[in-house]
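Trainee: Before I look at any single residue, I would like to learn how to read a model of this kind step by step. Could you take me through it?

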Amino acid sequence: MPHNKLKTIFASSTDLSSGYSLRDAFNFKSVSGGVTAALFGCSGPALIIISAAKAGHLSDGQTVSWLFAIYVLSGLISIGMALRYRQPICGAFSITGAVIMVTALDGLDFRAAVGAFIMSGVLVLLLGLSGVVNKLMRWMPMPIVMAMIVGAMIRFAVSAVEAVDSFPLMAGLAALTYFIFMRFFKAVPPVLAAGVVGFAVALALGLLNPTDVDIAFVMPAFTTPMFTFATFFAISVPLAALIIGADNAQATGVLMVEGYKPPVNAMTVVCGLGGIFSGILGGHSIIIAGPMTAICGSAQSGDDPRQRYGAALVNGVLFTLFGVFAGLAVPFLLALPRELIMVIAGLAMIGVLLSALQQAFRKETGFQIGAFVALVVAMSKFSLFGISAPFWALVIGIALAWLLGEFRREHAD
């Protein structure tokens, strides 16, 4: 890779993310935000990976290797990007991609899947080096991008309400604590207070039950990759499209909502490199996570946006540790009630959702119909060619805005 090209891609921007020392980034709110994001990313998503591994009849070593690859690399990306750009950029793995692998690995030689993971990383890397992703994000109307963010993430708010309905005492008390602390005890992060109360209630009610997962604490097992055209088109291309069009686009939009200038090309390049190394170790796509970036980048992780990158650092360290000790950590983390994790995650995203809604549907933007359609599509389960709804929300919303002349009206204004 040309040195000057990489130097340009990873050039640090000077915006609201600068101006504070590393020590300032670690405070009560940023630590609680990072822990909340890590709990979200290390609970249910880990179970999806285990399900996919079982579908592919992987050995314990291969399963642990998969978990090691995606969590350690994601954690290192979070740490590296946060330190470089002083922004709450959180690496993770594609949850949608993991769901796809539950079906794809059934009857598939895992060597071919590993080859597909590596090829997907190469595709993303090439797109990042080309600069085309950054150009696309600059061209896209922000109201439509913001509406996609709301549509893709509103499910977390809805899941929080459903959690209260399922476990009124545990989830309901956690939610009530959140709003009480938001109103009367502003010195304490409301997400942290809600999590402590929810955990205490779950413990008192006997809802903390370690899950019986059949993976042992063994050394990761290396799988020799096998490259085929079939898996390239069936797995590599859809995974790359998910990273660019859905996962990273969400994270980029979330950062914009909070006033950051996300380094889009650098985010794409590190995901490509991460995907290659993850594939070599037997793991699938590495992304910049929209939901976790939303948690770490919101006001719940700090009053001053310039200090919120500390939450991403905390999240990155916890992700890395989880990946190293996955064989031991998974059963204990899965002991937490899913409803508790969902209500905390939903509460943490309130600020991001409100900001995105306000930016998406301001009358003066001129993209109201396109934004509304993007919102509805992103909220749906629409899928085409193995690519999920957020990507198509952008495509359909922009196409409809063009058809209705919203681009011309916006420029006329």
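Mentor: Let us begin with the chain as a whole, keeping in mind that this is a predicted model. Of the 413 residues in the protein chain, 56% are buried, and the secondary structure comes to 20 helices and two strands. The accessible surface is about 17,300 Å², and 70% of that area belongs to carbon and sulfur atoms.

Trainee: Where in the protein chain is confidence lowest, and where is it highest?

Mentor: Where pLDDT is low, the predicted coordinates should not be read in detail. Here the mean pLDDT of the protein chain is 81, with 87% of its residues at 70 or more. Confidence is lowest in helix α20 (residues 406-412), where the mean is 57, and highest in helix α14 (residues 309-324), where it is 92.

Trainee: How do I check the length of a helix, for example the span of helix α4?

Mentor: The expected span is 1.5 Å times one less than the number of residues. Helix α4 (residues 60-85) has 26 residues and should therefore span 38 Å, and its end C-alpha atoms, 37 Å apart, agree with that. As for cover, 19 of the 26 residues of α4 are buried, and just after the helix Arg86 takes a positive phi of about 55°.

Trainee: How many residues of helix α13 are buried?

Mentor: In helix α13 (residues 290-297), eight of the eight residues are buried, and among them are Pro291, Met292, Ile295 and Cys296.

Trainee: Is Thr268 buried or exposed, and which residues does Thr268 touch?

Mentor: Thr268 lies in helix α12 (residues 264-280) and counts as buried because its relative accessibility is 2%. Leaving aside residues up to four places away in sequence, Thr268 touches Val124, Leu127, Gly128, Val133, Ile244 and Asn248. For the protein chain as a whole, among contacts between residues at least 6 apart in sequence, 85% join residues at least 24 apart.

Key: Residues are numbered from 1 along each chain as its sequence is written. This is a predicted model: local features need pLDDT of at least 70, side-chain atom pairs count only at pLDDT 80 or more; totals for chains, interfaces and linings use all residues. Side-chain values use heavy atoms; hydrogens and water are left out. Helices (H or I, at least four residues) and strands (E, at least two) are DSSP runs, numbered from the N terminus. Buried means under 20% relative accessible area, exposed over 50%, partly exposed in between (1.4 Å probe, protein chains only). Contact means heavy atoms within 4.5 Å. Accessible areas come from the Shrake-Rupley method with a 1.4 Å probe; for residues, only the protein chains shown count as cover. pLDDT is the predictor's confidence in each residue, from 0 to 100.
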